[in-house]
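Subject: Structure handover

Hello,

Please find the structure for your files below. My notes on what was found in it follow.

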Amino acid sequence: MGLMNWEWRGRSKANRAKALLASVAAIALSAPSAHAQQATQPASEQTGQSKKTDQESAAPSGATLLDKILVLSRTGETAIESLASASHVGQEQLDRRMATTPNEMLLGVPGVAAQADARRVSTSINIRGLQDFGRVAVIVDGARQNFQRSDHGTQSTFYIDPELVKSLDVIRGPVANTYGSGAIGGVVFFDTKDALDFLKPDETWAGSVTGRYESNGKGWTSSASGAYRINQNWDVLGNIVYRDYGNYKDGDGDTVNGTGFDVLSGLLKTTIRPTENSELKLGWVGSSDGWNETSGGLSVNDVDLKSNTFTARYNITDEDKSWLDLHINTSYNKTNLDLTSLVPQNRFDPVTGFPVVLPAGSQSTFDVGTTGIDIWNTSRFETSGIAHELTYGGDWVGDSVKTGGAAGGDSFYTPSGKRNVSGAYVQDKLSWDWLEVIAGLRYDSYSLKDDTHDISGDRLSPRVTVGVSPFESAGLAGLQFYGTYAEGYRSPSITETLISGNHPAGVSFPFLPNPNLRPETGKTTEFGVNYKQNDIFEAGDALRIKAAYFNNDVDDYIDGVTLSPFAPGSGCPFGPGIPICFQYQNFAKAKIDGLELEGVYDAAWGYAGLSASITDGHTVSYKGVEADLATIPSSQVTAQLGLRFLEDKLTVGGEVQYNGKPKGNTLATDYTLVNAFASYQATDNLKVDFRADNLFDVKYANPLNGGTTVAVYEPGITLKLAATMRFGG
């Protein structure tokens, strides 16, 4: 296939949509109906091609939320086995959600929220009240997504098309620090589809096509996938997805300007197996997005964003998977955002602070490149009857930020510069009968510089976890308790340290750099319980429950503050027309605590799930003054129910989610959302999906958008209808 020419985006939306739909239709009409299979589930899962543990085999197929091995696990654990707050969302759940944007894939995952404001393709993930500037590590196929742009809304954003994703894993809290520096909030790992998710064992090629319509915004999605088996040890996959959406309407029926977008996304991946115990995956994921930004209800900027992620992942094990279980991941992610003004805009010069007019057609550019390497090995052995899983490795991530454009343009407030963060760690998981102990130590260092600053730092961060399974009776044998103390270390970002210039519009005031910022240190105590039981009410049913309480003190927490020129020692210069200054500063700490619950019951007739999270937090200044933390999300309770009919060909169900207002958030209100869905496998090669989101047309706002200057109301009722066909030979 080769890399796609993203200049394709220059064609009109109508022509692009017609061209893509025509190509999809041509593939569908020419495809043979023989060798077809279900369109919704990967071929490898249906045919038993994927390897399963005994525990996975014992559980019914629907109970996979907590029984699937975590892709980002260093020791091959499932979520229910993990002595940490971990969640897995698999292909079946993703298909059911019919997600348009990344935040919709995270529905009901406890402790996780997403901020996307009106720019629906630009998402920031919040875990346990922490987000932006790398506090949450967002990883796509092993590549860190570190794009950042200073704004009133989301800061650190990413985009991955849900059609390209086969699963996602979440680990909450700084226990995730073996997955990279800075992740004091946690990690979200998106794993994209592979050729074996489409190919059956006897097939050389396979493909699928999908068409979908959404009522709110009159959105169309077209996607096509093709997989080819070169030989038994080499296969390739290509995916292409095009979305074209207009502005949606909120629960009152009012159009929310600036929410329309069009995006072309693609995926290329090849997997090579040089030996029986080794595998190399080479991949590319790219997207070309476009949308308009609004101010006062009018479109003022045209946004063009191109993102390309290149990954190489290699793993090799010895035959017994004992001393050698080596993984080497390398990646490069480049994001280019061009902002073009559509109308003349009154601004302030970033250097002088004098009024200027930014002419229509003026551009601001944001270019962020992130290079990463992650290497680790797990050795398994026994000493005196105690089983060890010793994991050791290191990682390095380098960010290169280059911004530019016309005076008064937005790019002046996202500084250029370079940052390198690296770390090394060792962790031993010891297991003996009813006792498990995990002890780990990580070393982090960072350096950050521009033309005038050169800053660095380092730290050691420990982790200790103890888990006990004290019961042997049939009903309680699956009950496990654990306690954890873990620390994580996040270096200041380029923007937090070096931002400067004058506020661009409205009121002119200076941004002050702060090269003396101290890194953040997250210190979390967590107590949790895992419970798993099969064959409870009938043969083949399964119950899985995870619950946890956590307390996270983030020392030297960094947040933006306004300074008065009249306050002694503020550093804010006194002068005409300077009402305030803005600067990122350290607080003594942010104190965050909460409760999380995730459970699922699955039987032949269907499934029922319940998840909940309650998060509370505040900052504490060095003088002991407490203040509400603006990044605390809604408390949530999500209930899900699905029923299976017609020999599992038809699944119908719904979701109810209650959202409670965070303390101190003046924007937020309590609200409840109701969703419904249905999936029908009409034939072996044709599947039809239906979904209704916000069924009762509730008007609501995401409380994380309280600091934005764009529209914040979320979509009202949205009906989705899709058809998917699979073929192969």
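Arginine 128 lies in the loop between strand 3 (124-127) and strand 4 (136-140); strands here are DSSP runs of E with at least two residues, helices are runs of H or I with at least four, and both are numbered from the N terminus. This is a predicted model, in which local features need pLDDT of at least 70 and side-chain atom pairs count only at pLDDT 80 or more, while totals for chains, interfaces and linings use all residues. Residues are numbered from 1 along each chain as its sequence is written, and side-chain values use heavy atoms, with hydrogens and water left out.

Arginine 128 is not a glycine, yet it has a positive phi of about 55°. With 4% relative accessibility, arginine 128 counts as buried (buried is under 20% relative accessible area, exposed is over 50%, partly exposed is in between, with a 1.4 Å probe and protein chains only). Phenylalanine 133 is in the loop between strand 3 and strand 4. Phenylalanine 133 also has a positive phi of about 55° although it is not a glycine, and at 8% relative accessibility it counts as buried.

Strand 18 (residues 386-405) and strand 19 (residues 417-432) run antiparallel and are joined by 15 bridges; two strands count as paired if DSSP finds at least two bridges between them. Alanine 387 has serine 431 of strand 19 as its bridge partner. Strand 19 also pairs with strand 20 (residues 435-449), in the antiparallel sense and over 15 bridges. Here the bridge partner of alanine 424 is tyrosine 443 in strand 20. The hairpin of strand 19 and strand 20 has 2 residues between the strands, and aspartate 433 in this hairpin takes a positive phi near 55°.

An open sheet of 4 strands has the order 23-24-28-27, and its pairing is mixed. Strand 23 (501-502) and strand 27 (558-563) are the edge strands, each pairing on one side only. Strand 27 pairs with strand 28 (residues 581-586) in the antiparallel sense over 6 bridges. In strand 28, glutamine 585 stands opposite aspartate 559.

Salt bridges

The count comes to 43 salt bridges, where a salt bridge is a side-chain nitrogen of Lys or Arg within 4 Å of a carboxyl oxygen of Asp or Glu. Arginine 490 takes part in a salt bridge with glutamate 496 (3.0 Å, N to O), and both of these residues are buried. Arginine 490 also meets glutamate 520 in a salt bridge (2.8 Å, N to O). That pair links distant parts of the chain, with arginine 490 in strand 22 (residues 479-490) and glutamate 520 in strand 25 (residues 520-534), 30 residues apart. The relative accessible area of arginine 490 is 1%, and glutamate 520 counts as buried at 0%.

Another salt bridge joins aspartate 689 and lysine 687, whose closest N and O atoms are 2.4 Å apart. Aspartate 689 is buried, with a relative accessible area of 10%, and lysine 687 is buried at 4% relative accessibility. Elsewhere, salt bridges that share partners join Asp141, Lys166, Asp191, Asp194, Asp197, Lys269, Lys281 and Arg313 into one network.

The nonpolar patch

Phe645, Leu646, Tyr680, Leu686, Val688, Phe690, Leu695, Phe696, Ile717, Leu719 and Leu721 make a nonpolar surface patch of about 950 Å². Patches are made of residues with over 30% relative accessible area and no salt bridge, like charges being joined within 9 Å and nonpolar side chains (Val, Leu, Ile, Met, Phe, Trp, Tyr) within 5 Å. Accessible areas come from the Shrake-Rupley method with a 1.4 Å probe, and for residues only the protein chains shown count as cover. Strand 35 (686-693) and strand 36 (718-728) each supply at least two residues of the patch, and the largest share, 3 residues, comes from strand 35. Leucine 646 lies in the loop between strand 32 (635-645) and strand 33 (650-660), and it is exposed, with a relative accessible area of 54%.

Regards
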